[in-house]
Amino acid sequence: FDPGLLDILRCPEDLTKLRLATSEELSDLLRRRESGTLRLWSGAAVAESFDGLLIREDGKIGYRMKDGVPVLLIDEALVIDASIGPPAPGSHRPTKK
């Protein structure tokens, strides 16, 4: 993964910046996945493993990386903080006039 991409990549839900997960964060989330407590934003349990993670600036949502390629799909986002509500991408987009 090219860290320079972090300057242009954004969360597809709220358009905020993303950062690479630390090794501690990644280990914690992989443990949660193995125990069955890590969920996708769609509500499903996370079945597939991942080798990296991009975390939204508020720390509540993460996007998996497979072979160094980020999966920036809202329904595939990992819920890091359960206090997050359902996705609301429309509320973060400018309205057309």
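## Terms and basis of the model

A residue is called buried when its relative accessible area is under 20%, exposed when that area is over 50%, and partly exposed in between, with a 1.4 Å probe and protein chains only. By this criterion Arg56, at 2% relative accessibility, counts as buried.

The model is a predicted one, in which local features need pLDDT of at least 70 and side-chain atom pairs count only at pLDDT 80 or more, while totals for chains, interfaces and linings use all residues. Residues are numbered from 1 along each chain as its sequence is written, and side-chain values use heavy atoms, with hydrogens and water left out.

## Overall fold

The chain contains one helix and five strands, where helices (H or I, at least four residues) and strands (E, at least two) are DSSP runs numbered from the N terminus. Read from the N terminus, the order of these elements is β-α-β-β-β-β. The radius of gyration, taken over C-alpha atoms, is 13 Å for the chain, close to the 13 Å that the globule rule gives for 97 residues, so the chain is as compact as a globular protein of that length; the rule itself is 2.2 Å times the number of residues to the power 0.38.

Along the principal axes, the C-alpha atoms fill a box of roughly 45 × 30 × 20 Å. Of the 97 residues, 34% count as buried. Among contacts (heavy atoms within 4.5 Å) with a separation of 6 or more, 51% come from residues 24 or more positions apart.

## Arg56 in strand β2

Arg56 belongs to strand β2, which covers residues 52–56. Its side chain makes a polar contact with the side chain of Glu13 at 2.8 Å, and a polar contact of 3.5 Å joins the side chains of Arg56 and Asp14. A polar contact here is a pair of N or O atoms within 3.5 Å; within protein, one must be able to donate a hydrogen and the other to accept it, and residues adjacent in sequence count only if both atoms are side-chain atoms.

When neighbours within four places in sequence are left aside, the residues in contact with Arg56 include Thr16, Lys17, Trp41 and Ile84.

Not counting residues up to four places away in sequence, Leu54 touches, among others, Phe1, Leu6, Leu9, Tyr63, Met65 and Leu72. Leu54 and Pro86 are 32 residues apart in sequence, and their C-alpha atoms are 19 Å apart in space.
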